[in-house]
Amino acid sequence: MPFAAVAIKVPLHRTFDYTYDTCQAPCVGGRVWVKFANRRCVAVVTELKEHSDVPKDKVKAIESVIDEMPVLSKSHLAFLRFASQYYCYPFGDTLFTALPGALRDGEDIDKTQTPILTLTESGRTTTQLRAKKQLALLEQLRSAGDATGTELKTLGFSQAQIKSLLEKQLIREELRQDTSWQSTPLQIGNKPTLNPEQATACSAINHNQGFRTFLIEGVTGSGKTEVYLQCLEKVLAAGKQALVLVPEIGLTPQTVNRFKRRFPGLPIDLWHSNLTDNERLHTWRRAQQATTALVIGTRSSIFLPFQSLAMIIVDEEHDHSFKQQDSLRYHARDLAAYRANQSQIPLLLGTATPALETLKKALDNKYQLITLSKRAQTSQDNSFHIIDMKAQQTQAGFASSSLQAIKQTLALGKQAMVFLNRRGFAPTLICHECGWISDCERCSTSATYHKNMQRLVCHHCGEQQFVPHQCPDCGSTQIMPTGLGTEQLEEFLTTEFPDIPVCRIDRDSTRRKGSLESALERIHQGGAQILIGTQMLAKGHHFPDVSLVIILDVDSGLYSCDFRATEHMAQLVTQVAGRAGRSGEPGTVLLQTHFPEHPLLQDLVNNGYQDFARYALTERQEVQLPPYAHLAIVRAEATSAHLVMTFLSDLVPAQPFSGIQLLGPIPAPMERLAGKYRYQLHIQATQRNTLHQYLMQLKDYIGSHKLATRVRWNIDVDPMDTF
């Protein structure tokens, strides 16, 4: 009797054996319908075998076969098995994380095809239209090539505009499922001449054979994207596929636009969480069939089943958004390194501020370090100035010299950017009489005051409350906001500069679809002279008219319980500062701080991130923290603090495990979140193998623990934060 081992989406670290009828044999990597725990569900076949350790009378039969051909190849299954083992996450859950929603639900793999919008003959020649947006849409297709409706919508065009052009027969919809691009000579749009550093980088990468990881450490504005584009020419001209990982959804439209202009006619697809299930399945299937040449996507695109992947690029490799913070807690950059090694292809990691883990591998010659030290548009670096805020008169958090710098910048017709990584009007409300603070009722933190909404909002659990007119404790009406948020900055600067357009970009101001693209377009066209934003504004955007950047709250990263706080602060400051001086003239960066003599701040300002990062590595080595040690955290939460402490305390062995250090159980930095108490157990080892051997034993022990079903727990390998 033949058996099939299948993976099911359940939180168990094992596969399950089923029998099958040889008349309708399943295939490894294909999906089947099975009965599991009295419910009908989709499973993925991972192995076909002749024997089972389960008694025959206990083995159920597969109900029906969904796929005649595998949806996951053997190499892709091996990749996902590695991800499951490394991140201590159930194999079945891992497989289903990598599948689009439609395939998880048992839908036909070819249930949908997304049409491509292309110009008709009339559309190619029409230059006059009353509707300016429709004309702009035609220009977009002429310059960047064909696109899907989703891609055009992310660029700010509406369904109504697309429909109007279809009715006028200026554009048409086509279904394409061919791989002719692989045998068609590659068309290349206008490309600039590389400077010597860029040319050296391209030469080193293009002469590489097989697997090699390249860290392109280039200052902001040094032309890293141009290096990516010219390295991709060789891959795409050979009819091979490539993957470009970007950290934010907001960066995909502008990145796609630039790549489409360089490679007109080449099939390029998007992958991010704003796509519908049908659109995600369409991109997934096109990658598998090699009907797309290039996919530009966020972290989960690392799981796409490419047929002939020949290069992976991770842009802004240091960015924290590459780390998944729930369910399968993977890091897309690290999985990209494993996948590139598995496929024996080059991996390009690009950033101005490399993560210390990546930098150490480059300094140890595990990665090839390529340095781009010259900015493409200007030969001079931005000038940094530290403003000592002690004993200063401030207005809405601005020093008088900062306001004067804004006035001078505006007088020159340039744009000024103000950075504060805190949305809302103020972090909290406080009673002037009794000291009451607007705490969140479900979390160990305060609720943020949003003046525009007239709500108190917890940014951690999402709980909202009405703003009280009187203090809940003493009845006083003397309730006032404390601290700064981007809303408050916008209100102040609009009053201070009444004739100057101000644009605020944060999660609140860009909730509506297309609002971010509209705001960025307004900035590029000069419709906003003062830019206010959170880290959404700091990543990868090109603002040629910005010549002044003011960073208001540098101090929050200098003193923190998170050992990575200074690294994150330095990366953020460098990335934000890089938005200035991109038009050919050096920009000015002002950092407001109460600790101007802080050695790390002085090192960053005077010597740059490269020197700062190397000094930070020596500090990490002295205290044996990552990357000189390997870390995992067992997190647990429940409505009872005693229950969580008892559960984690039971995980601490009476006899220490050789090579393992344990810290805890200890409360999480935010002990209470969404009504649940959270505690942690830190596990550290100098050798990665030692850590994983311990975690394998610990995972099995937790699975049989009597409290494992009464608390919510997870294991986070290589955590990016300790919260």
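Select helix H13 (residues 356-363) and helix H18 (residues 599-623) in this predicted model. Their axes come within 10 Å and cross at roughly 90°. Angles of 65 to 115 degrees count as roughly perpendicular, so H13 is roughly perpendicular to H18. Now show the side chains. H13 contributes Leu356, Leu359, Lys360 and Leu363 to the contact. From H18 come Tyr609, Ala613, Arg614, Ala616, Leu617 and Arg620. Colour these residues by type: seven are nonpolar, three are charged and none is polar.

Next, go to Ile313. This residue sits in strand S13 (residues 309-315). Is Ile313 buried or exposed? Its relative accessibility is 0%, so Ile313 counts as buried. Show what surrounds the residue. Leaving aside residues up to four places away in sequence, Ile313 touches Tyr228, Leu232, Leu243, Val244, Leu245 and Leu348. Pick Leu245 from that set. Leu245 is 68 residues from Ile313 in sequence, yet the C-alpha atoms are 6.1 Å apart.

Now select strands S6, S7 and S8. They form an open, antiparallel sheet in the order S7-S6-S8. S7 (147-148) and S8 (171-174) are the edge strands. Each has a single partner strand, so one side of each has no neighbour in the sheet. Zoom in on S6 (residues 116-119), which runs antiparallel to S8 and is joined to S8 by four bridges. Find Leu117: its bridge partner in S8 is Glu173.

Helix H5 (residues 132-144) lies across S6, S7 and S8, at about 95° to S6. Helix H7 (residues 159-167) also packs on the sheet. H7 touches S6 and S8, and its direction makes about 100° with that of S8.

Methods. Residues numbered from 1 in each chain as written. Predicted model: local features only at pLDDT ≥ 70, side-chain atom pairs only at ≥ 80, totals over all residues. Heavy atoms only, no water. Axes fitted to C-alpha atoms, helices over the stretch in contact; angles between N-to-C directions. Helix = DSSP H or I, 4+ residues; strand = E, 2+ residues; numbered from the N terminus. Parallel < 35°, antiparallel > 145°, perpendicular 65-115°, else oblique. Contact = heavy atoms within 4.5 Å. Nonpolar A, V, L, I, M, F, W, Y, C, P; charged D, E, K, R; others polar. Buried < 20%, exposed > 50% of the residue type's maximum accessible area, 1.4 Å probe, protein only. Pairing = 2+ DSSP bridges.
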